[in-house]
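Here's a quick tour of one protein model. Have a look at the structure below, then read on.

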Amino acid sequence: MIMSAEKTRKEGMRQWKRPVEGDPNYTTILCSNLGSIKCPAVDHHLNNYGTNSIMITIGTLHKDEVTMPDGHREIRDVIDVGATLDERIADGFYFARSLKLIKHIFAHPKMLDQPLNVPSGFDYQ
């Protein structure tokens, strides 16, 4: 059991121990590389244990047909990603805008090398 009660000698009261260090349920984001054990990415429910409100899973690298920006199709290496977001921390509008920004960053990774005060040119519209 991760949270256990123990009596303190001084006060004679119950005191809760801190969560076990390294418990992935006590993080901001739980990220799991399921591809490392040859499993696909999954969308998983969030549980009421712990503090994480976002779960991201990464699947195996595999070949798939992809439509390129100019319209032709190619077989490319792809990795599926599954994400589950807790609606108690933000609404769907915020999540949709965040996903749009993440897609922009994936398409323009060099922007991550820029200082924060440099405008990215990204437009949420």
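## A tyrosine pair

Tyr 49 counts as partly exposed, because its relative accessibility is 30% (buried means under 20% relative accessible area, exposed over 50%, partly exposed in between, with a 1.4 Å probe and protein chains only). Tyr 26, at 29%, is partly exposed too.

Keep in mind that this is a predicted model: local features need pLDDT of at least 70, side-chain atom pairs count only at pLDDT 80 or more, and totals for chains, interfaces and linings use all residues. Residues are numbered from 1 along each chain as its sequence is written, and side-chain values use heavy atoms, leaving out hydrogens and water.

How many aromatic pairs does a search of the whole structure find? It finds two (ring centres of Phe, Tyr and Trp, the last by its six-membered ring, lie within 6.5 Å; planes under 30 degrees apart are stacked, over 60 edge-to-face, the rest tilted). One of them joins Tyr 26 and Tyr 49 edge-to-face, with 5.4 Å from centre to centre and 90° between the planes.

## Asn 25

Is Asn 25 buried or exposed? Asn 25 counts as buried, because its relative accessibility is 18%. Setting aside neighbours within four places in sequence, Asn 25 is in contact (heavy atoms within 4.5 Å) with Leu 30, Asn 47, Tyr 49, Gly 50, Thr 51 and Asn 52. So Tyr 49 turns up here again, as one of the contacts of Asn 25.
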